[in-house]
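Hi,

Here's the structure I promised to send over. Have a look at it first, and then read on for what turned up.

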Amino acid sequence: MESVMVDSDSHELDSEEKAEVISLLPPYEGKTVVELGAGVGRFTAELAQRAAQVIAVDFVEDVIRKNESINGHHKNVKFLWADVTSPELDIHEDSVDFIFSNLLLMYLSDEEVKLLAEMMIKWLKVGGYIFYRESCFQDSENSDKKYDVSYHREPRFYSKVFKELCFVKDDSENAFELSLLDCKPTGVFVFF
């Protein structure tokens with residue numbers, strides 16, 4: 001990501017990264033998708049092209065409004081200015097087919113990750129998917145910890161959080177499976 005921010009070929013690198021991430025996603029054609037931490041919409045347009053509905057959520061009002069100005073022409077996208085960990089987030093139980101999150105959980109505390117994971121499991125329909133991609137293990141070499149608010153956890157932290165929730169759900173008719181899809185030397189991990 002750092003190279004995307006400072007490289008003169010950043011647009012090309014961004015396109016390559018987006019294509020790689022999109023290639024890892026489960027089928028979501030005609031489905032309801034929630035994009036958590038949507039930001040300015042790096043993935044919103046891609047998701048909107050195939051989904052029946054996309055709910056793009058971000059807690060920074062200017063950022064989600066920028067996303068809306070870029071992607072508002074997609075009539076199947078709803079833009080929400082909200083904290084993803086807020087219990088008041090207007091997403092109903094058993095209403096979502098696919099939840100997408102790219103480099104979001106690393107900005108949440110351990111307790112917020114656990115709370116959000118619980119909420120995601122509740123939102124998900126039977127047969128649905130949660131996709132999250134996180135930077136793990138180490139902080140950026142160039143980051144100033146004074147201003148860096150990210151938590152670069154080991155992948156097993158996320159696995160443990162979701163596995164504990166999956167076992168709770170297994171008591172009902174629903175069953176969940178957690179898979180590590182991809183592991184990059186850069187410490188970026190992709191989970192389903």
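Predicted model: local features only at pLDDT ≥ 70, side-chain atom pairs only at ≥ 80, totals over all residues.

The partners of Asp97 are Lys31, Thr32, Leu124, Lys125, Gly128 and Tyr129. Asp97 sits in strand 4, and with a relative accessible area of 15% this residue counts as buried, because the cut-off is under 20%. Its side chain reaches the backbone nitrogen of Thr32 at 2.8 Å. As for Tyr129, 32 residues separate it from Asp97 in sequence, yet the two are 6.4 Å apart in space, C-alpha to C-alpha.

Now the nonpolar side of things. The largest nonpolar core has 32 residues, and the members touching the most others are Leu36, Val57, Ile99, Leu116 and Trp123. Two or more residues each come from strand 1 (32-36), strand 2 (53-58), strand 4 (96-102), helix 5 (110-123), strand 5 (124-135) and helix 6 (155-170). Helix 5 is the top contributor to this core, giving seven residues.

Not counting residues up to four places away in sequence, Ile99 touches Val34, Leu36, Met120, Trp123, Leu124, Tyr129, Ile130 and Phe131. There's also a second, separate core, made of 18 residues, with Val21, Leu47, Ala48 and Val54 among them. As background, nonpolar side chains tend to be buried together in soluble globular proteins.

Cheers

Methods. Residues numbered from 1 in each chain as written. Heavy atoms only, no water. Core = buried A, V, L, I, M, F, W, Y, C linked by side-chain atoms within 4.5 Å. Buried < 20%, exposed > 50% of the residue type's maximum accessible area, 1.4 Å probe, protein only. Helix = DSSP H or I, 4+ residues; strand = E, 2+ residues; numbered from the N terminus. Contact = heavy atoms within 4.5 Å. Polar contact = N/O pair within 3.5 Å; in protein donor to acceptor, adjacent residues only side chain to side chain.
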